[in-house]
Amino acid sequence: MDSVTIDAKVDARGLNCPMPIVKTAQAMKTLASGQALEVLATDPGSVKDFEAWARSTGNPLAEQTVDGGVYRFVLRHK
Amino acid sequence: MTLAEPPVTPTTLPEPAPAAEEHTEPKGLAIICYSGDLEKTWAAMILASTAGAMAMPTKVFVTFWGLQTFVRDDVRITGDNWMQKMMSFMQRPGISHRKLSKMNFFGMGPWMMRKLAKQYNVASPKELLEMATLMGVEFVPCQMTMDMFGIKREDLIEGMGDPVGAATYLSYVGDGAAPLFI
């Protein structure tokens, strides 16, 4: 049911601020332009943080969903 | 009576904020890491690593008690004369040996802080420092503090920039970086 092809994944479940963002930034560096990164997190603060990160870095947030306390973000490399 | 239907998952969150359109290049961040207290060191490292993650050009000017944080953990005594040596003896340098400004209780406070951090998966200042360095955050020591405390380049952790003065820090701010004093 994924609408985008995922090129890399980050499992940040259980991690607290700022590690989900830090790990995402590190993983994003390994991707090429247009590739998609899926991030799973359980930190409720990460919802706003990922929006802010996407806006600041210019890597668009393609999808964000929540499923049973797990937040899933799909970010595309600019 | 029927029970309420379980919510359909995954639930879509409010529309993601549009990214590309409103994107502006971050001007950067210039942190003065002045305090050597555990809680302020933690705050400085959280901001430095996050700024690095947000691709903000970030420099951390390390001065006064903050410089003690950047002495290698395995260095116990620094300085040349007895006063400098005494200073490092009284407050152990190194990022892993920071004390709380309040509720230190001979190390009980920091011990509990570290235990809580581990329990709640909060990265330690040392881990955050490593992340920040990996993401291109530059840590620059204050030449004057190094002289006054007798701290040498080889006492400091690896990967720090060349020692500089206040004018260099202010030039970062002049170039548009947001200043922070922690």
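Chain A contains two helices and four strands, where helices (H or I, at least four residues) and strands (E, at least two) are DSSP runs numbered from the N terminus. The model is predicted, so local features need pLDDT of at least 70 and side-chain atom pairs count only at pLDDT 80 or more, while totals for chains, interfaces and linings use all residues. Residues are numbered from 1 along each chain as its sequence is written, and chains are lettered from A and ligands numbered from 1 in the order in which they are written.

Along the sequence, the elements of chain A follow the pattern β-α-β-α-β-β. The radius of gyration of chain A is 11 Å, close to the 12 Å that the globule rule gives for 78 residues, so chain A is as compact as a globular protein of that length. That radius is taken over C-alpha atoms, and the rule is 2.2 Å times the number of residues to the power 0.38. The C-alpha trace of chain A spans about 30 × 30 × 20 Å along its principal axes. Of its 78 residues, 40% count as buried; a residue is buried if 20 or more other C-beta atoms lie within 10 Å of its own, exposed if 12 or fewer, and partly exposed in between, with C-beta atoms placed from the backbone. Among contacts in chain A between residues at least 6 apart in sequence, 59% join residues at least 24 apart, a contact being two residues whose C-beta atoms, placed from the backbone, lie within 7 Å.

Chain B has seven helices and five strands, which run β-β-α-β-α-α-α-α-β-α-α-β from the N terminus on. Of the 182 residues of chain B, 35% count as buried. For contacts in chain B between residues at least 6 apart in sequence, 73% join residues at least 24 apart.

Helix H1 of chain A links the description of the two chains. Seven of the 10 residues of H1(A) are buried, so this helix is largely enclosed by the rest of the structure. These buried residues are A:Met19, A:Pro20, A:Ile21, A:Val22, A:Thr24, A:Ala25 and A:Met28. They pack against E1, E2, H2 and E4 of chain A, together with H1 and H5 of chain B.

Two packed helices are described by the angle between their axes and the distance between the axes. H1(A) (residues 19-28) and H1(B) pack at an angle of about 35 degrees, with their axes 8 Å apart; axes are lines fitted to C-alpha atoms, for helices over the stretch in contact, and angles run from 0 to 180 degrees between N-to-C directions. The crossing of H1(A) and H1(B) is left-handed, meaning that the near helix is turned anticlockwise from the far one by less than a right angle. A:Ile21, A:Val22 and A:Ala25 of H1(A) make this contact with B:Ser49, B:Thr50 and B:Ala53 of H1(B).

Within chain B, H1 (residues 38-53) and H5 (residues 125-134) pack at an angle of about 30 degrees, with their axes 8 Å apart. That makes H1(B) roughly parallel to H5(B), a term for angles under 35 degrees. The crossing of H1(B) and H5(B) is also left-handed. Among the residues that meet are B:Trp42, B:Met45 and B:Ser49 in H1(B) and B:Leu128 and B:Met131 in H5(B).

Methods:
Parallel < 35°, antiparallel > 145°, perpendicular 65-115°, else oblique.
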